[in-house]
Amino acid sequence: MGGVTAAHAAAQPEVTYAGSVSDDLGILQINARSAADIKSITAHLVSYGSQTEVAEIGTKDFRLFSGTLQDGNWRTKKPLKLPEFGSYRINVEVTDADGGHVLQQSAGDFAYYVVAQFGALTVDRTAIDREHRDVQVEGTLYGRWPTRQVKALAARQVEINVDYWTQTTVTTDARGHFTASVRLDTAAPVQAVFAMDGGTPTVLYGESEPVQIGVDQIPTRFTSRVSSTDVDFGQPVTVSVKVEQKTADGWVPLAGHSGGVLFGPDDAQTDLVGRFTTADDGTFSMDYTPWQGGYFQLALDTSDDPFLQAGTGTSDVVHVHRASKFTAFTAARSDTGQVHAEGLIDFPDGWTPARINVHIQSSPDGVNWSTLTTVEASWGGSGNDFAADLDESGAGYYRAVFDADDNFQSATSQTVFVPASA
């Protein structure tokens, strides 16, 4: 007996989405796909309340909005007109070119409502200050009908939000206009919001574009003085500071405000000195023992007062001089008549200069000195040693000198008398 081949039916069309266009609720959108071109689409809108069909939308009412005839998005050519607002069940029939057909029950929901819209929100000031914190807000509430008609919404409640929290609620007039006054304590966005308020017709949520309100801050300044701009390593420094705010009468002391003080050679390398609170005359002082040169960096904390400018300031530079000392120095005349000088220099406070320049000096009387030569000392295993041969035939006094700079103290060796050659 011969076998019989079974016929396989073509894949049926599939409805993947049915519903309203989110920003144009009167437009019905159907997403469908099939192995063959889709030839017809029919949508049936059924009332959830009465369970009766209120509208039938046929193929002639749709256009291919995106995609292809085999996998596309169809939308109605114009907004639907239904007798009542509400939500409707969508049943969809799709037929393709191969005769494939599907009736998709409850393919989606069609939302047929008015949506709240706002005109531009206006405010009477774009920034507040300490004496003027109230902001007057005006706007107009509209409703966008599913038919795309826009009308003013009268006698509707509008929430005025400050920093996304409702501060007051007002009611629109016959033209949909509303006014409100809100009070701000800091910079914040102001926004009008409509939430469903139970009125007729039902209007869905809407919100205005937020308007950012800033703060006109009061300028502040620091005036500082340091007890010394040059100190030895280990010696404390006192910084005395006055903090002021600018008013219509000029600069006046800023009392009872706090902040912090840092010290260092730059912004990236600082140490915390401490925190301060200004006295009634706006002043404070601090003692600090710096381990390196730098300046005091002053900052005012205004986190609890947004109307004050977060001022900063810097002091004069303080140079910290670390110790230097000669631990050995000799000078003697050689057989050739030259004077040979040598010695050791030490830096006991932990730092060593990048270049250690030592001046060899002489004096006929031990009072008036002149530099004969400058040599560079370098590490020799037991200290930073230096040496020089001097063309000097007369008798006199000899010494070694290291000059102070921004980081090191000066140092002078012992004095050695060298007699004249025999």
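**Figure 1. Strands β1 and β2 side by side.** In this predicted model, strand β1 (residues 14-21) pairs with β2 in the antiparallel sense, with seven bridges between them. Look for S20, whose bridge partner in β2 is L28. Two residues lie between β1 and β2, and the two strands form a hairpin.

**Figure 2. Strand β2 and its pairing with β6.** Here we turn to strand β6 (residues 71-76), which is joined to β2 by five bridges and runs antiparallel to it. A handy pair to pick out is N31 with its bridge partner in β6, N73. Strand β2 itself covers residues 24-33, and eight of its ten residues are buried, so the strand is largely enclosed by the rest of the structure.

Figure 3. Is G143 buried or exposed? Its relative accessibility is 0%, below the 20% cut-off, so G143 counts as buried. Setting aside neighbours within four places in sequence, G143 is in contact with V114 and V115, and also with Q149, V150, K151 and L153. If you zoom out to find P353, the C-alpha atoms of G143 and P353 are 79 Å apart in space, while the two residues are 210 apart in sequence.

**Figure 4. Confidence, and the start of the chain.** The average pLDDT of the protein is 94, and 97% of the residues score at least 70. Residues 1-9 deserve a separate look: their pLDDT stays under 50. For this stretch the model has zero contacts beyond four places in sequence.

Note on methods
Residues are numbered from 1 along each chain as its sequence is written. This is a predicted model: local features need pLDDT of at least 70, side-chain atom pairs count only at pLDDT 80 or more; totals for chains, interfaces and linings use all residues. Side-chain values use heavy atoms; hydrogens and water are left out. pLDDT is the predictor's confidence in each residue, from 0 to 100. Contact means heavy atoms within 4.5 Å. Buried means under 20% relative accessible area, exposed over 50%, partly exposed in between (1.4 Å probe, protein chains only). Helices (H or I, at least four residues) and strands (E, at least two) are DSSP runs, numbered from the N terminus. Two strands pair if DSSP finds at least two bridges between them.
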